[in-house]
Amino acid sequence: MAGGGFAVDTPTTGGFDGKLTLSILVTCIVAATSGLLFGYDIGISGGVTTMVPFLEKFFPDILRKAAGTEVNMYCVYDSQILTLFTSSLYLAGLVSSLLASRVTTAIGRRNTIMLGGAVFLAGGAINGGSENITMLILGRILLGFGVGFTNQAAPLYLSEIAPPKWRGAFNTGFQFFLGVGVVAAGCINYATAKHTWGWRLSLGLAVVPAAVMTIGAFLITDTPSSLVERGKIDQARKALRKVRGSTIDVEPELEELIKWSEIAKSVEQEPFKTIFERQYRPHLVLAFAIPFFQQLTGINIVAFYSPNLFQSVGLGHDAALLSAIILGLVNLASILISTGIVDRFGRRFLFITGGIMMFVCQIAVSAVLAAVTGVHGTKDISKGNAILVLVLLCLYAAGFGWSWGPLTWLIPSEIFPLKIRTTGQSIAVAVQFITVFILSQTFLTMLCHFKFAAFLFYAGWIAVMTFFVLFFLPETKGIPLESMYTIWDKHWFWRRFVKGEDGQDNLP
């Protein structure tokens, strides 16, 4: 038991590990490329909104404000229409992620990933050819629908198909490719920024990750759990043999999946009602809390607006875009660290160490900005201090990259029993989208009014979420999905919700 009475390390029971085959590696890599879509969009949006030709065409007021004689560095990019361009995607993602629960159950995880890729591709094409704000927002909405489907289905796919022993490592692949998307977008923005048509290329190239993922999805099988859930037993058997290895007897695992599927189907109640029952209170709280807290680390806000932020603090346009690339590379490297150790040290260790590191960095960024730009943010910041801000934000991105980045996708996808798994994942993704929508719609205004204290705001939330993990998150490493119910009745707090219920109630 880790952390005194606050976590439970449950031994692996009933696991069907199989071998680490080439097939499982290829399958998980293809599914994880879904993260490219979300990552590319996060990275491209912030860079495009600093390109002068893009601002001239769609947001000329920002250029007039930037040319003002007395400019508060925190308020240059405070525009509700500009933030609507960014945040409309997340409102659309919220809607589609709630629909995705039924879609994923009906057509399977793989087909949902393909559907999301096709819709995202259409949105990227419209954005690249935009002639007015209406086309721009329409494209963003389609991108949002695509991301909503893939963000719901891909983490589920990875958790269900990966062997329990390596589930954490494989699931972090989604966040890794999300990071690759951010870095690729940053490089493209840097290369296209000097051209009048550069913003069109940056937005239009969103079709590339969508095409890569959609074509790749044709080459992989659906998860055995999803196939069994839809009554395709023979296909599930073939899928298990493919991903576990031809020398492994897959019948015991298949029988286990069939058993839990039958239990799930015996529950006639609507999943969205079932998930609110008392014995699923721990799952539901974590499905809300984990994605909500992830966004309150401030990471997506830093990623969206890092070019604007670095340009505001004096690095200049090219240096600002380059700084955003550096930030993305640091995040990517830290995700690789997480992949290597998540199944060895566990989820809680990464959450807590990452939280401490992010907290310290946010406090430091706030202190530097307060000291060198003044309380009102009107003093010029030297290049040396701007670089110091960049270094602190890189350390912050590293802390996020091995903790709240990959683990936010992993935890909700592995804690729910089969009968409410797609519903639980949909809720987690929806919470993430609505939180990031509100934050992206308000961040630039908050930065304008809070100034350096905006970073203290996020530091406070990071402290809260780190204590939440310490006290309320059980350890899930190495536990098969079918045995995950065992963690709740051994937890100091959550056992009061699952104890006293019928012994079968909280089973998959």
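**The second largest cavity**

Guide: Of the elements around the second largest cavity, α13 gives the most to the lining, with three residues; helices here are DSSP runs of H or I with at least four residues, and strands are E runs of at least two, numbered from the N terminus. Please keep in mind that this is a predicted model, where local features need pLDDT of at least 70 and side-chain atom pairs count only at pLDDT 80 or more, while totals for chains, interfaces and linings use all residues. Residues are numbered from 1 along each chain as its sequence is written, and side-chain values use heavy atoms, leaving out hydrogens and water.

A cavity is a set of points on a 1 Å grid over the protein atoms alone where a 1.4 Å probe fits but cannot get out, and lining residues have an atom within 4 Å of a point. This cavity has a volume of about 160 Å³, that is, the space filled by probe spheres set on points joined across faces, edges and corners. Its lining holds 16 residues, with Glu160, Pro164, Arg244, Glu253 and Glu482 nearest the centre. Two or more lining residues come from each of α7 (133-161), α11 (224-229), α12 (233-244) and α13 (251-266). By class, eight of the lining residues are nonpolar, six are charged and two are polar; Ala, Val, Leu, Ile, Met, Phe, Trp, Tyr, Cys and Pro count as nonpolar, Asp, Glu, Lys and Arg as charged, and the others, Gly among them, as polar.

Stepping back, the protein chain has 23 helices and zero strands.

Notes: On a 1 Å grid over the protein atoms alone, a cavity is a set of points where a 1.4 Å probe fits but cannot get out, and a pocket is an open set with protein on both sides within 12 Å along at least five of seven lines; lining residues have an atom within 4 Å of a point.
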